[in-house]
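Please find below my notes on the two-chain model. They are set out as numbered points, to be read beside the coordinates.

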Amino acid sequence: MIGVYDFCGHYDWTFEWLRQQGGESLVRQYWDEAIHQDSQRHALELIRKQGFAGMATYWGHTLDHEGAGYHTSAAEGVFRIDMRGCPSKGFLLRNGLGAYHDYCDHCMGWIGPMLKQTGFVVDHEHNHCGQCWWEIRRLSDQTPPSEPGTLAGSNDVRLRPHWGGAGARRDVYRHSNQPDDKVGE
Amino acid sequence: MSVQDSPCVLPYTDSKKTGAGDFYFAINATFRFIEKRFGRDGLRRYWQEFGSTYYAPVTAAWKRGGLPAVASYWRAFFDAEPGAEVRVDVTSDRVILDVQVCPAIKHLRAHARDIVPCFCQHCYYVSEAAAASAGLAVRVEGGNGACRQAFLPRHSALLPQDLAQIKEAA
């Protein structure tokens, strides 16, 4: 049986299996169709109906269940997540797993299209060491990402010493809904 | 026995005691996606390749430890699956998993998810692939929420798995 205890290892292995079968485009189709539109359709329904409140409900539930080290912040027109200990990437790092070349892309791969469908857009950075941050605003909102500490205070992952520490390699997204929209570090 | 008491039995370990049940949604959706793209044979190939590569450390442990290692693995495995009710018995010639409540089917049903009809076949294909290089085989009977799985030495007189003995999930 394939279980959920080590699901993230299964997930990572599956990305690479799909890449070998049909290239990166198949991996992106998988994130959109299987994860966004099928597996995580409850997230889509919540956020479509409740907007920012739905984000707080969804990520509060799912990150608690996954045992994440995280903090969420909300202000007028923006919902922010600071992840200081990603349970998913952390599992791979602790177990020496890494079949797919960029596991962290999967979040933008399903969350990006899901938020686009519900009328939202993302500023996001991850450092491939289990830390990331997200700021979600309405598609029409051109506000740039916040300065470190202004929305999340001391919980802002960008203020933590390991954010840019050894091994960190940041991928940066601005006003994006797609996993391939990286604008560099 | 808890996961914390047997950290070396599972090949990949986590800081939390049990997995998040919502990941069963993703497992089910992954099977649906792959079957849609590659057909039933492609899905079976995916399961077999997963069983023989990702679970290679399990195969190695079973090869070293034989049936007691198989039993230890499955006890630790189901301890870490939320909602599982499974009895694991080991005899001189086999290990029997009596799955009274399959955690995956239970969670998918509780959340009104459409379950891929051949979902329960993955237990056979994944485990058979993992077991083969350890000189073992698995035979599955039942499914759709409860089943019986037998792990036993692979030998020439063993009848092949009859897929009709594995129920469709609904």
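1. Confidence in chain A. The model is predicted, and within chain A the confidence is lowest in helix 3 (residues 52-66) of chain A, with a mean pLDDT of 84. Helix 1 (residues 7-39) of chain A has the highest, at 98. Chain A as a whole averages 94, and 98% of its residues score at least 70.

2. Helix packing in chain A. Helix 1 of chain A packs against helix 5 (residues 105-117) of chain A at an angle of about 35°, the axes being 7 Å apart. The crossing of these two helices is right-handed. On the side of helix 1 of chain A, the contact is made by Phe15(A), Arg28(A), Trp31(A), Asp32(A), Ile35(A) and His36(A). Helix 5 of chain A contributes His106(A), Gly109(A), Trp110(A), Pro113(A) and Met114(A). By class, the residues of this contact are six nonpolar, three polar and two charged.

3. Strand pairing in chain A. Strand 1 (residues 69-75) and strand 2 (residues 78-85) of chain A are antiparallel and are joined by seven bridges. Thr72(A) has Ile81(A), in strand 2 of chain A, as its bridge partner. The hairpin formed by strand 1 and strand 2 of chain A has two residues between the strands, and Gly77(A) takes a positive phi near 80° there. Strand 2 of chain A also pairs with strand 4 (residues 132-138) of chain A, in the antiparallel sense and over five bridges. Here Asp82(A) is opposite Trp133(A) of strand 4 of chain A.

4. The sheet of chain B. In chain B, four strands make an open sheet with antiparallel pairing, in the order 1-2-4-3. Strand 1 (85-90) and strand 3 (136-143) of chain B are the edge strands; each has a single partner strand, so one side of each is left without a neighbour in the sheet. From one strand to the next, the twist averages 15°. Strand 3 of chain B is paired with strand 4 (residues 146-153) of chain B through eight bridges, in the antiparallel sense. Within chain B, Ala137(B) stands opposite Leu152(B) of strand 4.

5. Helices on the sheet of chain B. Which strands does helix 2 (residues 56-79) of chain B lie across? Helix 2 of chain B lies across strand 1, strand 2 (95-101), strand 3 and strand 4 of chain B, and runs at about 160° to strand 1 of chain B. Helix 4 (residues 121-132) of chain B lies across strand 3 and strand 4 of chain B, at about 170° to strand 3 of chain B.

6. Lys63(B). This residue belongs to helix 2 of chain B. The C-alpha atoms of Lys63(B) and Leu10(B) are separated by 15 Å, and the two residues are 53 residues apart along the chain.

7. The contact between the chains. It takes 29 residues from chain B and 26 residues from chain A. On the side of chain B that touches chain A, helix 1 (23-53) and helix 4 of chain B each supply at least two residues. Helix 1 of chain B gives the most to that side, with 12 residues. By class, the side of chain B that touches chain A has 16 nonpolar, seven polar and six charged residues.

How values were computed. Residues numbered from 1 in each chain as written. Chains lettered and ligands numbered in written order. Predicted model: local features only at pLDDT ≥ 70, side-chain atom pairs only at ≥ 80, totals over all residues. Pairing = 2+ DSSP bridges. Axes fitted to C-alpha atoms, helices over the stretch in contact; angles between N-to-C directions. Contact = placed C-beta atoms within 7 Å. pLDDT = per-residue confidence, 0-100. Nonpolar A, V, L, I, M, F, W, Y, C, P; charged D, E, K, R; others polar. Left-handed = near helix turned anticlockwise from the far one by under 90°.
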